[in-house]
Amino acid sequence: MELLKIRGNWKNPSILFNPNGKLQIWGRSLPENALDTYNPIFKWLDDYKNNPSENTEIDFKLEYFNTTSSKLIYEIFKKFEDLKSSGNNLSVKWYYESDDPDMEEEGKLLANIINVDIELVGVEEFDFSY
């Protein structure tokens, strides 16, 4: 399995998925074609599920995402749920800026509808450079 590394920009999130179990998504998600952005993530996660690391640590640090992205983010979390149900040790952190109740609420919503423990982490401010 290979590292999945996608450099984001002001419209697309950055992705760093390491076969050692460290998975990170950060930035913004307002892509013009969301499937083009998220299909490599889905494929990588499907492959990873066949031979996961003993422990998987996921960091979500999204400053903002649009409605189309929210559906695909939900699909990513469903894949995390599948990993957990197959016995993988899973740790998910959902980072949000402390003054952004909408993003905090999105993390809470995911925690309520997906069978994965999600730790909500408020931060002062994201510092993304593009």
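Is Lys79 buried, partly exposed or exposed? Colleagues, I shall begin with that residue. Lys79 is partly exposed, because its relative accessible area is 21%, and buried would mean under 20%. Please bear in mind throughout that this is a predicted model.

Let me turn to the partner of this lysine. The side chain of Lys79 meets that of Asp46 in a salt bridge, with 2.7 Å from N to O.

Lys78 forms a salt bridge with Glu81, and their closest N and O atoms are 2.9 Å apart. Why are these two residues separated by about one helical turn? They are 3 residues apart in helix α2, and therefore about one turn of the helix separates them. Lys78 has 30% relative accessibility and so counts as partly exposed. Glu81, by contrast, has a relative accessible area of 15% and is therefore buried, since the cut-off for buried is under 20%.

I move now from the helices to the strands. Glu63 and Arg28 bring their side chains together in a salt bridge at 2.8 Å, N to O. Here too the pair links distant parts of the chain, with Glu63 in strand β4, residues 55-65, and Arg28 in strand β3, residues 22-29; the two are 35 residues apart. Glu63 is partly exposed at a relative accessible area of 23%, and Arg28 is partly exposed at 28%.

How many salt bridges does the structure hold? The total is 7, and those I have described are among them: Lys79 with Asp46, Lys78 with Glu81, and Glu63 with Arg28.

Which residues form the negative surface patch? They are Asp99, Glu124, Glu125 and Asp127. Glu125 counts as exposed because its relative accessibility is 60%, and the cut-off for exposed is over 50%.

Thank you for your attention.

Note on methods:
Residues numbered from 1 in each chain as written. Predicted model: local features only at pLDDT ≥ 70, side-chain atom pairs only at ≥ 80, totals over all residues. Heavy atoms only, no water. Patch = residues over 30% accessible without salt bridge, like charges linked within 9 Å, V, L, I, M, F, W, Y side chains within 5 Å. Areas by Shrake-Rupley, 256 points an atom, 1.4 Å probe, with all protein chains shown as cover. Salt bridge = Lys/Arg side-chain N within 4 Å of Asp/Glu carboxyl O. Lys, Arg positive; Asp, Glu negative; His and termini not counted. Charge placed at Lys NZ, Arg CZ, Asp CG, Glu CD. Buried < 20%, exposed > 50% of the residue type's maximum accessible area, 1.4 Å probe, protein only. Helix = DSSP H or I, 4+ residues; strand = E, 2+ residues; numbered from the N terminus.
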